Amino acid sequence: FCRQIFFCISWKQYTIIGFTFEGFSNNFIKNTGTSDQTEIILTKMKIILNEPINLKSHIIIKGSSTHLVSNNINIAIIGKDINNSGLKDLIIEEPLECGIMLINTAGLVIDNITIANGRNRGMVIRGGSRFIHINHSKFVENKSGGIMIQEGSHHVCVTNCEISDGHSSSNWSAGIVITHLLPVSEYGIMDEFDSNYFFPRDLSFKKEGTPFKNIIETSYIHDNQSSGIYIDGGNGNVLVGNNIVDNDKEGLCIDFFSVGNIVESNIITGNGFRKFQSDDDLRHDFVLHFGRLADGSAVSKLPNISLDNAAYNIIARNAISNAAGDGIKIVRSGFRNIFCLNSITDNNRGENGIFFFSGVLLGSASSDVENDTSGIDAFPSIENIIFGNTIYGTHKAGVCIDHGSVYNDIYDNMIMKQKGKYVIKNGYPNSITGNNFNVISKKLVVFFTLIVLIGLVLSVFSGIVSFLLIKRYFKKN
């Protein structure tokens, strides 16, 4: 290679003209200094990787929209026990297991990276990695989803990214997964899953694996065969300003002891139709027995947003529309969540002869599995607050309160033009007050009816009197 070095306040720059990356990480990167910030520039448009690139602290690798062909190696780029590094302007193609894996990494910036057509995940962040910024990047056509954040990783910020077209239906193959799951082996991607790669072998909650304080912002997450975003035991994460559209399962699923997450100012629309799930997928999701519709999609539909075993989450100021199922659904064991100031319109698109759906459902479903050992609780929805929402359009009900769901506060909502009841109350006691159903009360209907009838009687009486007076006048003359 040709090497150019420019010194500028402890800054080194190397220009790489072109070669295969065989021996690159073990020879070139290993021998660069670690105290200075070093930038390696790749000018060749296509480079074949014969071994993983092992990042090192204080090194930035910058491509020129450089294609890193990775179809002969499991992981294209590995960052382990490093800090203050970066990747920019690279396209990683067809990695066997993972495009980028970060383990115990701090202070890494990823900018304008594309990971495409991976046979497994796009990117995995684990081992307590922190202060990772992923910006203006794309994760497209990766079989098991775009980004997984796990093993206690925190302060990961994903901004202005596109995550789309994942090809697996497992919850853990969503576009973005934030999960408490712990890896079985250091670099393993799917070894914690069963032979069907649908469920983890061990579903029990791992407190030490809880990811927290991560941000997903202004990203476009669409057309995944699973959900758009799956939060599985994540705490204090923030989703803001995203466009979450047309995912085959939920737009967003907050699951399994997820606490204190904030979902604000997102557009979440057109999710949950289950058009692309196989019979095996539906069987694993416990809904195959409901059958399929004439268009081939599953009878059992999913909401734009679901919560299951989740507490103290805030869902505010979102536009939630056109889901196959409910707008927002608590499946079971939802405690003290707040749904406020949302526009919830025209969901229930998948209503059929078996299922109908609501703007908001406060559910109390039993466990999907007999003798469930996962630790999931099957309690009703308790002490949730639903206020200030506009719930409009094609829902069967504006708010549906399932059996056993109690002590929920539903107030100051505008609920209009539902197909059925404005609020279905199957659970007691709950507080439902101050809502605007845009319906005139019966007393007002009676009052206005009487006014109209009196007006008609007076009109008829006035007409008769006028007729008699005219008749009398003509008789005199």
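Analyst: N142 counts as buried because its relative accessibility is 2%; buried stands for under 20% relative accessible area, exposed for over 50%, and partly exposed for what lies in between, with a 1.4 Å probe and protein chains only. The model is predicted, so local features need pLDDT of at least 70 and side-chain atom pairs count only at pLDDT 80 or more, while totals for chains, interfaces and linings use all residues. Residues are numbered from 1 along each chain as its sequence is written, and side-chain values use heavy atoms, with hydrogens and water left out.

N142 sits in the loop that links β12 (138-140) to β13 (147-149). Helices (H or I, at least four residues) and strands (E, at least two) are DSSP runs, numbered from the N terminus. Neighbours within four places in sequence aside, N142 is in contact with I115, A116, N117, G118, N120, R121, G122, D165, G166 and H167; contact means heavy atoms within 4.5 Å. N224 is 82 residues from N142 in sequence, and their C-alpha atoms are 9.7 Å apart in space.

Another buried position is T269, at 17% relative accessibility. T269 belongs to strand β24 (residues 267-269). Residues up to four places away in sequence not counted, T269 touches I244, V245, D246, N304, S321 and N322.

Two loop residues have a positive phi without being glycine. For N104 the angle is about 50°, and N104 lies in the loop between β8 (98-103) and β9 (106-116). For E383 the angle is about 60°, and E383 lies in the loop between β31 (358-362) and β32 (385-387). N104 counts as partly exposed because its relative accessibility is 28%; E383 is also partly exposed, at 32%.

As for the cysteines, the structure holds 0 disulfides, a disulfide being a pair of cysteine sulfur atoms within 2.5 Å. The closest cysteine sulfur to that of C161 is in C157, 8.9 Å away, which is too far for a bond. C161 is buried at 3% relative accessibility, and C98 is buried with a relative accessible area of 0%.

On the surface, L450, V452, L453, I454, L456 and L458 form a nonpolar patch with about 570 Å² of accessible area together. Patches take residues with over 30% relative accessible area and no salt bridge, joining like charges within 9 Å and nonpolar side chains (Val, Leu, Ile, Met, Phe, Trp, Tyr) within 5 Å; a salt bridge is a side-chain nitrogen of Lys or Arg within 4 Å of a carboxyl oxygen of Asp or Glu. L456 is located in helix α3 (residues 442-476).

For the chain as a whole, there are 3 helices and 38 strands, and 51% of the 477 residues count as buried. Among contacts with a separation of 6 or more, 65% join residues 24 or more positions apart. The accessible surface comes to about 20700 Å², with 57% belonging to carbon and sulfur atoms; accessible areas come from the Shrake-Rupley method with a 1.4 Å probe, and for residues only the protein chains shown count as cover.
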